[in-house]
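Subject: Structure handover

Hello,

Here is the structure for your files. My notes follow below it.

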Amino acid sequence: SGGGMKIIKHGRPETVLNTVKRFKCGSCGCVFEADKEEYTSGTQYNEIYFQCKCPECGKFANEVRMRIPV
């Protein structure tokens, strides 16, 4: 029997990791990840935000930010 290591879920190269963002839809609650070709950005109150169309319900979802409280 050939034992050994087995990858369950492949990781991503660092360059790809920087462009992938996580989104949560406020309408249906779907949480998903999208690459830079799939989401759009805008500016509001001097802050950049990202949004992407939800793959489940089609409404716009906002980026989930992993912010550290100050």
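Where does asparagine 46 lie? Asparagine 46 sits in the loop between S3 and S4, where strands are DSSP runs of E with at least two residues, numbered from the N terminus.

Before the rest, the conventions. This is a predicted model, in which local features need pLDDT of at least 70 and side-chain atom pairs count only at pLDDT 80 or more, while totals for chains, interfaces and linings use all residues. Residues are numbered from 1 along each chain as its sequence is written, and side-chain values use heavy atoms, with hydrogens and water left out.

The loop

Asparagine 46 has a positive phi, near 60 degrees, and is not a glycine. Its relative accessible area is 81%, so asparagine 46 is exposed (exposed is over 50%, buried under 20%, partly exposed in between, with a 1.4 Å probe and protein chains only). Tyrosine 45 is found in the loop between S3 and S4 too. For tyrosine 45, also not a glycine, phi is positive at about 50 degrees. Tyrosine 45 counts as exposed, at 75% relative accessibility.

The sheet

An open sheet is formed by 5 strands in the order S2-S1-S5-S4-S3, with antiparallel pairing (two strands pair if DSSP finds at least two bridges between them). Strand S2 (31–34) and strand S3 (40–44) are at the edges and have a single partner strand each, so one side of each has no neighbour in the sheet. On average, neighbouring strands are turned by 40 degrees against each other, direction ignored (axes are lines fitted to C-alpha atoms, and angles run from 0 to 180 degrees between N-to-C directions). Strand S4 (residues 47–53) pairs with strand S5 (residues 60–63) in the antiparallel sense over 3 bridges. Lysine 53 stands opposite phenylalanine 60 in S5.

Salt bridges

The count is 2 salt bridges, each defined as a side-chain nitrogen of Lys or Arg within 4 Å of a carboxyl oxygen of Asp or Glu.

- Glutamate 63 with lysine 21: the closest N and O atoms are 3.9 Å apart. Glutamate 63 is in strand S5 and lysine 21 in strand S1 (residues 21–24), so the pair ties together parts 42 residues apart in sequence. Lysine 21 counts as buried, at 18% relative accessibility.
- Glutamate 33 with arginine 22: the N to O distance is 3.0 Å. This pair links strand S2, which holds glutamate 33, to strand S1, which holds arginine 22, 11 residues apart. Glutamate 33 is partly exposed at 37%, and arginine 22 is partly exposed at 37%.

Regards

Notes:
Helices (H or I, at least four residues) and strands (E, at least two) are DSSP runs, numbered from the N terminus.
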